[in-house]
Amino acid sequence: MMNRNYNFAFLDEGSKREIRRAALKAVAIPGYQVSFGSRELPIGRGWGTGGIQLTLSLIGPEDVLKVIDQGSDESVNAVNIKKFIGLCTDVETTTKTSEATVIQTRHRIPEVPLTNRQILIFQVPIPEPLRIVEAREEVTKKMHAEKDYAPIWLQLYESLVKYNKVTIASEYPCMVSGRYMMNPSPIPKFDNPKLHRAECLYLFGAGREKKIYAIPPYTEVISLAFDDIPFEKENFKGKKCRLCGSENTYLDEMFDQHGDRFYQCSDTSYCQEVRDYVSG
Amino acid sequence: MTSQLSKKHSFDTVFDSQKVFRLILEAMSNPARVVGTKEFADKLFGEYPAFLAVAMTLLDNESCFNVCGNQLLSDEIASLTLAKRTPMESADFVFVCTANDMEPVIQKAKCGTLSDPHKSATVVIQNDGQPVCQMALAGPGINGCTVVRMTQVVKDALAFRDMQNYEYPQGIDLLFISDDGGLFSIPRLIQMEVQ
């Protein structure tokens, strides 16, 4: 039941308007990080406040909300964010990806392809892809302005020289619309291709770093790679989910009490849907 | 204060704003797709109620606007949103009521900088008239290429915009609103070719 002591969707209307203006500019300039005045929330910065602020600014009574954390609908972060948004909006929530109109996610893109009527909102800890090579914000801003991405390419090259492969496991940088280098948030490399020419709108919110950026539908998003060393995502060849048997999903590696290794779908909702389908 | 300003409106600043925002977001994400704002514009008053619906959704005392000399519209927007009136060159939002104003507006509207391209204007244009041509539009938000029928206003606006030769990411974003409340957008990355 909605708590009437707060404004609908918790934030005051001025805050929502600022975030909405930033989101529109972010959509108009794909991959560019728009600064915004990140608000205080009843949750610590770094726990998804950027995503929550975007969700609260977007959401309306007719929306159906899904929140996932590392693919799971039932983790602490996802459950509490869903409860919080439910308390201040009364919107319907779901675990089924296809039913949701707004999906907030931490570190995964659902396995079910999203449609044009859906919006996926990412919680982003470090939005700046150049931070790993340059600590100063004013310098990274200038590097983006000048499209100077040489240090990142050098980092990839050094990784190849040292280890014979690119060692970035998540937050793999990509180029958006051929102009901006973007951090896709800590999604696994497995999910990077889902960003390319997707039907849905992707919005990224970094509350602590006070940045919003976006990828509109059907936008070119290319993961960085050299001509002779193509981009490679995680390979689960020969492995399958122990619950649903899927072989084409991103799998979590786990160990039971005996130390035996097994694999399970990271996207719990997809895994459940497959099991429901199989069991009729 | 004019008599128009004393009129009461029934536009809900929480729920109607949210719905109009989602329509604008849909339009910005899917350029050339027309979304309907009539339901919300009808809750406002004056000669340009759809402009007021957009203004009430996006403007407040932290933003500034220009209306190309339309004093009544300027008073209405300032009164409803508390946004600041400002010269064309520094306005975050420019509302263009007549086609004749379009060329000077697009020439003067701020286009941001290479470092801060978001500090650029959103130009909201009254889109009157019948379609006169077909245009193929392409860019982010459009699946390949889409052919749409456009009015002279839209054709001219894009021609004026392209004459500015902005260096991307600098540029301006265009919103067109027709009499029937139909709204669509052409963000800076969308390119056209007349067929």
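How many salt bridges are there between chain B and chain A? The count is seven, a salt bridge being a side-chain nitrogen of Lys or Arg within 4 Å of a carboxyl oxygen of Asp or Glu. One of them joins the side chains of Lys141(A) and Asp116(B), at 2.9 Å from N to O.

This is a predicted model, in which local features need pLDDT of at least 70, side-chain atom pairs count only at pLDDT 80 or more, and totals for chains, interfaces and linings use all residues. Residues are numbered from 1 along each chain as its sequence is written, chains are lettered from A and ligands numbered from 1 in the order in which they are written, and side-chain values use heavy atoms, with hydrogens and water left out.

**The interface**

Chain B brings 41 residues to the contact and chain A brings 39; contact means heavy atoms within 4.5 Å. The two chains bury about 3200 Å² between them, with 59% of it on carbon and sulfur atoms. Buried area is the accessible area (1.4 Å probe) that two parts lose on being put together, summed over both. Phe21(B), Arg22(B) and His118(B) supply 18% of the area that chain B buries against chain A, more than any other three residues.

The rule finds 18 residue pairs across the interface, both at pLDDT 80 or more. Such a contact is a pair of N or O atoms within 3.5 Å; within protein, one must be able to donate a hydrogen and the other to accept it, and residues adjacent in sequence count only if both atoms are side-chain atoms. Helix 1 (15–29) and helix 3 (49–58) of chain B each supply at least two residues of the side that touches chain A. Helix 1 of chain B gives the largest share, ten residues. Helices (H or I, at least four residues) and strands (E, at least two) are DSSP runs, numbered from the N terminus.

**Strands**

Two strands pair if DSSP finds at least two bridges between them.

| Strand pair | Bridges | A bridge partner pair |
|---|---|---|
| Strand 11 (251–255) and strand 12 of chain A | Five | Asp252(A) and Gln264(A) |
| Strand 8 (173–177) and strand 9 (182–186) of chain B | Four | Phe176(B) and Phe184(B) |

Strands 11 and 12 of chain A form a hairpin with five residues between them. Gly259(A), in the turn, has a positive phi of about 85°.

In chain B, seven strands form an open sheet in the order 1-9-8-5-4-2-3, with mixed pairing. Strand 1 (35–36) and strand 3 (84–85) of chain B stand at the edges, each with a single partner strand, so one side of each lacks a neighbour in the sheet.
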